[in-house]
Amino acid sequence: MQGLLSPSRKMENSQKPMLFILGVCIFSLQWKLTHQQVNVALGGIATQSSTYLQRYASFAIDGNRATNVNSHSCTTTNAEYNPWWRVDLLAVYDISNVIITNRGDCCTDRLNGGEIHIGNSLINNGNNNFRCVVILSIPAGASENYTCNMRGRYVNIILPYVTQYLTLCEVEVYGVAVPVIKRAFLRVKFNSTEDLNNPTTRDNVLQK
């Protein structure tokens, strides 16, 4: 009878919403896998303006948020003017957030007035790159999340215009890598009796 669907056609129609939902789920999973933000600082190389008592720059990107400097997981520079710390991410990233963990055993106000800078330049050790934020204060042993939404390879933390120790117990940088566009050049060899050094003649030959 007209208007009645065969069992196979009914099954086919009933599967369409399920296939659509499955397609949406697969697309969502693929998007998350390609856009998932991870702590890219873990694969970087850290350095700092100086090192106090073997509290190396790399301790701030070891994945350990321990806040006692005796745990060998916190960095410290000498007491100096404009102390700074930097991580080279080894590639350019779209950086959304930077999380800084302050020490919890002593001197927690030393980070007050610090600045986060992000960019691609190493002029002045990277401290001239654009500023993301000024650190007002971070409680003892706490981790503070700063939204930056900036692009760069280098992330610097600096205490400007003061003579002070700079101590960081962990620095996390979250973002996604910027795709690298490779340009290809094609070299063409011409066999021509015409003068190709003349721009007008060369353009006429290329148009043929």
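**View 1. The largest pocket in this predicted model.** This pocket has a volume of about 160 Å³. Around it you'll find Asn 82, Trp 84, Glu 115, His 117, Asn 124, Asn 127, Ile 158, Pro 160 and Tyr 161. Sorted by class, that lining comes out as 4 nonpolar, 4 polar and 1 charged residues.

**View 2. Val 171 and the residues around it.** Val 171 sits in strand E11, which covers residues 170-177. With a relative accessibility of 0%, Val 171 is buried, because anything under 20% counts that way. Setting aside neighbours within four places in sequence, Val 171 is in contact with Asn 39, Ala 41, Ala 60, Ile 61, Trp 85, Val 98, Ile 99 and Ile 157. Thr 101 is 70 residues away along the chain, yet its C-alpha atom lies 6.5 Å from that of Val 171.

**View 3. Ser 73, a buried loop residue.** Look for Ser 73 in the loop that links strand E2 (45-48) to strand E3 (75-76). Its relative accessible area is 0%, so Ser 73 counts as buried. The side chain of Ser 73 reaches the backbone oxygen of Asn 64 at 3.1 Å. Asn 64 is also one of the residues Ser 73 touches beyond four places in sequence, along with Phe 59, Asp 62, Ala 66, Leu 168 and Cys 169. From Ser 73 to Ile 61, 12 residues apart along the chain, the C-alpha separation is 8.7 Å.

**View 4. Residues 24-34, where pLDDT is below 50.** Across the chain, the mean pLDDT is 85, and 70% of residues reach 70 or more. Residues 24-34 fall below 50, and this stretch has 1 contact in the model beyond near neighbours in sequence.

Notes:
Residues are numbered from 1 along each chain as its sequence is written. This is a predicted model: local features need pLDDT of at least 70, side-chain atom pairs count only at pLDDT 80 or more; totals for chains, interfaces and linings use all residues. Side-chain values use heavy atoms; hydrogens and water are left out. On a 1 Å grid over the protein atoms alone, a cavity is a set of points where a 1.4 Å probe fits but cannot get out, and a pocket is an open set with protein on both sides within 12 Å along at least five of seven lines; lining residues have an atom within 4 Å of a point. Grid points are joined across faces, edges and corners, and a volume is the space filled by probe spheres set on the points. Ala, Val, Leu, Ile, Met, Phe, Trp, Tyr, Cys and Pro count as nonpolar, Asp, Glu, Lys and Arg as charged, and the others, Gly among them, as polar. pLDDT is the predictor's confidence in each residue, from 0 to 100. Contact means heavy atoms within 4.5 Å. Helices (H or I, at least four residues) and strands (E, at least two) are DSSP runs, numbered from the N terminus. Buried means under 20% relative accessible area, exposed over 50%, partly exposed in between (1.4 Å probe, protein chains only). A polar contact is a pair of N or O atoms within 3.5 Å; within protein, one must be able to donate a hydrogen and the other to accept it, and residues adjacent in sequence count only if both atoms are side-chain atoms.
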